[in-house]
Amino acid sequence: MDSAPIVVHQPSPTGGRRVTAGGTILGLAHSDEDVVEFLRRAGLPEGAELLDDPAWVKWRGGRAHEYEAA
């Protein structure tokens, strides 16, 4: 299991990145704004402040904040 509770997975072949929290899929993000909205819906209104905090968010497979097709 990842040490960070939120995982932004590798970009999909068609673009976008799956976002999970505690193993639950929150959605497919195409931008940081999407990730922040998923986190808000999950009860984390300060999501924008968490995106670059490795204690909260792990970016897997690819560069952070990039959502283009793999």
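**Reading a predicted chain: a tutorial**

Analyst: The chain has 2 helices and 4 strands. Please keep in mind that this is a predicted model.

User: In what order do the elements of the chain run from the N terminus on?

Analyst: The order is β-β-β-α-α-β. The radius of gyration of the chain is 11 Å, close to the 11 Å that the globule rule gives for 70 residues, so the chain is as compact as a globular protein of that length. Along the principal axes, its C-alpha atoms fill a box of roughly 30 × 25 × 20 Å.

User: What share of the contacts in the chain with a separation of 6 or more comes from residues 24 or more positions apart?

Analyst: Such residues account for 47% of those contacts.

User: Is Ser 12 buried or exposed?

Analyst: One compares the relative accessible area with a cut-off: under 20% is buried. Ser 12 has a relative accessible area of 18%, and therefore counts as buried. Ser 12 is found in the loop between strand 1 (6–11) and strand 2 (17–21). Leaving aside residues up to four places away in sequence, Ser 12 touches Ala 69 and Ala 70. Over the chain, buried residues make up 36% of the 70 residues.

User: How is Glu 37 classed by relative accessibility?

Analyst: Glu 37 is partly exposed because its relative accessibility is 25%. Glu 37 lies in helix 1. Glu 37 and Gly 47 are 10 residues apart in sequence, and their C-alpha atoms are 7.8 Å apart in space.

User: How many positive and negative side chains does the chain have?

Analyst: There are 7 positive and 11 negative side chains, and the centres of the two sets lie 7 Å apart. As for the surface, the chain exposes about 4,300 Å², of which carbon and sulfur atoms supply 52%.

Terms used: Residues numbered from 1 in each chain as written. Predicted model: local features only at pLDDT ≥ 70, side-chain atom pairs only at ≥ 80, totals over all residues. Heavy atoms only, no water. Buried < 20%, exposed > 50% of the residue type's maximum accessible area, 1.4 Å probe, protein only. Contact = heavy atoms within 4.5 Å. Rg over C-alpha atoms; globule rule 2.2 N^0.38 Å. Areas by Shrake-Rupley, 256 points an atom, 1.4 Å probe, with all protein chains shown as cover. Lys, Arg positive; Asp, Glu negative; His and termini not counted. Charge placed at Lys NZ, Arg CZ, Asp CG, Glu CD.
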